[in-house]
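Here is a short briefing for a first look. Please keep the sequence and the 3D view side by side as you read.

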Amino acid sequence: DGNAEMSLFLAAAFVSSTVVSLVTSKGQKCETKFTKKLILLAVLSGICIFTMNYLNLKYAGELPSQLFFPVINGSMVIASSVVAVTLFKEPLNRRQLIGMAGGLASLIAICLLQA
């Protein structure tokens, strides 16, 4: 069964990328203090990225590609924008709001037309 191997594959990829990041940044001065809040944010971010990659691998072969890839990629852009506005208080101008509304409408249309 590929599902058990998929989790192990993703875990190995994440561990490898962590090791490469640590090795390549060795010797560089870091002025950031690692507080409990920052470590918690890093762990939560890692869990979210792992989950996204896991779902991407799992459903890439099960759903039609003309539905899966636009929904995954489009929803990531919209979700990133929502997080930027809510957590980081980044303002969106009128053009960006129109773009997000158009992207959301496009994702809904793709899902409805594929059904």
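L41 sits in helix α2, which covers residues 36-60. The model is a predicted one. L41 also belongs to a nonpolar surface patch.

**The nonpolar patch**
- Which residues form the patch? F34, L38, I39, L40, L41, V43, L44 and I47 make it up.
- Together they have about 760 Å² of accessible area.

**The aromatic pair**
- How many aromatic pairs does the structure hold? There is one aromatic pair.
- The partners are F14 and F50, with ring centres 5.6 Å apart.
- Their planes meet at 65°. The cut-off for edge-to-face is over 60 degrees, so the pair counts as edge-to-face.
- The pair links distant parts of the chain, since F14 lies in helix α1 (residues 2-24) and F50 in helix α2.
- F14 has a relative accessible area of 25%, so it is partly exposed.
- F50 is partly exposed as well, at 27% relative accessibility.

**The cysteines**
- How many disulfides are there? The count is zero.
- A disulfide would need two cysteine sulfur atoms within 2.5 Å.
- Is C48 buried or exposed? C48 is exposed, because its relative accessibility is 55% and the cut-off is over 50%.
- C111 reaches 36% relative accessibility, so it counts as partly exposed.

**S81 in helix α3**
- S81 lies in helix α3, which runs over residues 65-86.
- Why does S81 count as buried? Its relative accessibility is 18%, and buried means under 20%.
- A polar atom of the S81 side chain lies 3.0 Å from the backbone oxygen of V77.
- That distance falls within the 3.5 Å cut-off for a polar contact.

**L87 in the loop**
- Where is L87? It is found in the loop between α3 and α4, and α4 covers 94-114.
- L87 has a relative accessible area of 60%, so it is exposed.

Terms used: Residues numbered from 1 in each chain as written. Predicted model: local features only at pLDDT ≥ 70, side-chain atom pairs only at ≥ 80, totals over all residues. Heavy atoms only, no water. Helix = DSSP H or I, 4+ residues; strand = E, 2+ residues; numbered from the N terminus. Buried < 20%, exposed > 50% of the residue type's maximum accessible area, 1.4 Å probe, protein only. Polar contact = N/O pair within 3.5 Å; in protein donor to acceptor, adjacent residues only side chain to side chain. Patch = residues over 30% accessible without salt bridge, like charges linked within 9 Å, V, L, I, M, F, W, Y side chains within 5 Å. Areas by Shrake-Rupley, 256 points an atom, 1.4 Å probe, with all protein chains shown as cover. Salt bridge = Lys/Arg side-chain N within 4 Å of Asp/Glu carboxyl O. Phe/Tyr/Trp six-rings, centres within 6.5 Å; stacked < 30°, edge-to-face > 60°.
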